[in-house]
Amino acid sequence: MSQVDYADVQGLVRFGYGQLTSASYALLRVKNVAAAKAWLRSAPVTSAITQKPPPKTALNIAFTASGLRALGVSESVIAGFSHEFRGGMAEESRSRQLGDLGSNAPTNWLWGSYRQEPHVLAMFFAEPEQFDLFVQSAKGNTWGDAFEEVTWLGTSNLDGDEPFGFKDGISQPQIDWEQQRQTPCTQLQYTNIVALGEFLLGYRNEYGKITDRPLLDADAATADLLAADDEPAKKDLGRNGTYLVIRQLEQDVRKFWQFLYKQAGGNLGEAEELGAKMVGRKKQGDPLVPIQPEPIPGMDPSSVKQNQFTYENDPAGAGCPFGAHIRRTNPRNSDLPERRLSALRKLIIMLGFGPKGFYDDLTSPVRFHRILRRGREYGSELSPEEALQPAPPNESSRGLQFICLNANISRQFEFLQNAWIANTKFAGLSGESDPLLGNREAILGCPVTGDFSMPKAGNLRHRLSDLPQFVTIRGGAYFFLPSLRALRYFAGTGS
Amino acid sequence: MTPQSTFMVLAAINPARETELRQLLDSMNHAPGRVNRNNELIPFAEFDTLHFARFVILDDKTTEDVRVYGLTPRNYPLYLAFLGDVDGDANAFFGRLIKRAGKGLGRIFSCCEGFRPDTDLLTWMRQHDAPAIAAYVNTRGRTVRQIREEAALYDAIENYINKNRATFQNLAPRELHARLQNFVNTEKSAGRLTLSKESPTPFVWQIKNLLHMIGLPLLVLVVVLVALPLLIPLAAFYIVALRRLEKTDPEVCPTADQKHSEDLSRIEDHDVTNQFSAMGSLKPGLVRLLTTIGVLKTVNYGARHITRPGRLGRIRSIHFARWVFVAGTQRMIFCSNYDGSVESYMDDFINKTGFGLNASFSNGIGYPRTNWLVRDGCIDERKYKEYLRRHTLPTEVWYKAYPGLTAVDLERNTRIHQGLEASSLTNQQAAEWAALL
């Protein structure tokens, strides 16, 4: 086991650059290969080394599979990347899995539709007053020759709230950078510490295994790359890199609050309570279930009030509905439906003779499905009160430039999006997908997918019907965020 | 109780007719992965005892894998398999099927070896029926009819609640239960809802089932007693042999071909349920063969007599599944109908019942290395997923009788139905019942 060389990892894996409140993401296509490589060689890419004082600017770069092809990376190398990365987000079968149907379909996207993938993602971060200058200097003289700009995804600083007005980014997994975590066969307690290999290629993941990535023969071109931990004779192109998923999520803030306001009979306070049920947190970020006394391993001690909880004492969803956004995306469970159990009881559960309630043990263990979120908001702030007013003509859009990092797109991002967010049958529910992100499209045999159920202790559940679509996908792509060594390899290939 | 049965008509395809067969099968679909439920050849939807059906051409691309053992791949004929899961006896179903769709079946099977224009379809299908060595039924006795009636019941109750939201919102669960019982009784008397009584369990089936339940353990016991002196050395020999194989058997888990992987995805996720067909060759040698048979017989016994309805271990997303030897004991096919995406299916297996997965699949050539039969193996998740994807066959035609319903949906609907039939519930029972709505 070797220590992580932070100088080889792009900074975004370790830092969200929260202090650098200005950010913009350039989606590019390679126009001139030689010029693009020259620019990549000289680009001031920021590593994950801690700097004192912290940097005032940062640049991180990622590539799609077609981007790597455009740079002349050979098919045999590309074949070492995962199926989903090679296939791309906009592929038709994948759209069915991700719920990118109807108005979410890639054919309606502003960018990234099938075979129109951007090649390169360049993410610029800076303090506001330095931003323009930084972008200009980082672009340098060759940018225009090298790339055709597909679009720039702007961001805005909403002080930690997402556009609907709820505090965002509260819970993040803690990466086990020191590789101290002994991944157990069976994790009996929810933990927030996640194996390094879930977020960085070339290291052990939650199964104690190293995820597939391109391993190359040692030669002059690969001399600078690190050796693979599991096959020391091979050079590991993936090591210290990871996959980056980006999706532009346009949020209809007016539709959201107007719907809730109507459901609440014109009472804004009650509308906010309904909104909290959908999100799973109150606007300020407090969870809907009580904080537990015992600490959760790997949880930031400064966020006890908002993160020290699981749903163990809310098995019926009366506190936080099963379908609430944060309960779907992180059920905070362990590998077995019970804790503190004997070997015999464990065996009984494994053989299927454990809890027999309808809602028991329906959700997969979350430790295999964590993602590291690095997204930012875009568009202007709109308070719930303002959102109740009709939109002015030509109102500009707002939403989230969703970005997440994971070492295994299909098991992490895609599983979350498919099995937990878009799934209308999540956790024993029927007829509802994620209350915030669902596309509300009918599926075969199920005309209704726009419900939202809120179980009540001792009474019939409260159920909202006909939720409109609040979030529309405007673009998306799968990128590889290489290590700095791999970046140099790409920039040097064939030249 | 009407028990379910399965069939798998297995026949070698006449090579000269393969293209024609593929076209015929394609003609049963609206689009890849989307069956025409009323297609001309076999209008599946007209058979109200048919849960699932599929046609799959057993085009196993991994037959070359035996080379890792220094064996020469055999030139197997290409087989067509027609599988179904039905209520009641499979032979009786064949009769009804032939009566309605004999012509279509004849056209399909005429592309197979040994089927002539004058062949008697029923006899031929029975002769070609390949029995499963292990089969799993989510809930034995739950018929297509019951599933449809209970789905209609659920819809009716939900609509009724929706219309009377304000009244029902604050009722105590027992009161709610009584009100809904009244509603359902009214609907039943008005003929708008039907909830059929369970049919009596066929006597012959009961006897057979009982004999199987007692017989198999008895047989094992007799063998153990008779062979007791030999058993310890045999067991020791077996363990040593298996451990040696486990340490030396080569893994064959290359990344699945991208096009193959995308072709499979194209026919998936059109319904909340998916089909899965995977095929491969067994590792050579008696130890592996006996292990396979032993494990699968155990799985079969457990699934038939021990598991709780709706559960295969901790897994609740499988409707029907089976393992079948394909013409001999060298090759095997596993077919299932499961809910959700293939990724979540594989994750469920790895995380919830990895031990069972290892025991039943690790005798296949190339499976990720196991330890003591049940450990490791699929825990090497990427290898396992590539292995499985590589062995997966595209299913040509796939039919499900109840689109949009998952196995968990069926369980909920059955629980609602059972709760309604109960004349009185405790407060606790009523609250649990109300939580299903």
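This is a predicted model: local features need pLDDT of at least 70, side-chain atom pairs count only at pLDDT 80 or more; totals for chains, interfaces and linings use all residues.

User: How many cavities of 30 Å³ or more does the structure hold?

Analyst: Here's the general idea: rolling a probe the size of a water molecule over the atoms shows where empty space is left. In this case, the structure holds 10 cavities of 30 Å³ or more. The largest cavity takes up about 320 Å³. Its lining counts 19 residues, and those closest to the centre are Glu84(A), Ser410(A), Val342(B), Glu343(B) and Arg389(B).

User: What classes of residue make up the lining of the largest cavity?

Analyst: You'll find 9 charged, 7 polar and 3 nonpolar residues there.

User: And what is the volume of the second largest cavity?

Analyst: That one has about 190 Å³. It is lined by 17 residues, and Gly280(B), Met332(B), Phe361(B), Gly364(B) and Tyr387(B) are nearest its centre. Strand E7 of chain B gives the largest share of this lining, with 4 residues. By class, the lining has 10 nonpolar, 7 polar and no charged residues.

User: Where is Thr222(A) found, and what is it in contact with?

Analyst: Thr222(A) sits in the loop between strands E7 (215-216) and E8 (235-236) of chain A. Leaving aside neighbours within four places in sequence, Thr222(A) contacts Leu216(A), Asp217(A), Lys235(A) and Tyr489(A).

Definitions and conventions:
Residues are numbered from 1 along each chain as its sequence is written. Chains are lettered from A and ligands numbered from 1 in the order in which they are written. Side-chain values use heavy atoms; hydrogens and water are left out. Helices (H or I, at least four residues) and strands (E, at least two) are DSSP runs, numbered from the N terminus. Contact means heavy atoms within 4.5 Å. On a 1 Å grid over the protein atoms alone, a cavity is a set of points where a 1.4 Å probe fits but cannot get out, and a pocket is an open set with protein on both sides within 12 Å along at least five of seven lines; lining residues have an atom within 4 Å of a point. Grid points are joined across faces, edges and corners, and a volume is the space filled by probe spheres set on the points. Ala, Val, Leu, Ile, Met, Phe, Trp, Tyr, Cys and Pro count as nonpolar, Asp, Glu, Lys and Arg as charged, and the others, Gly among them, as polar.
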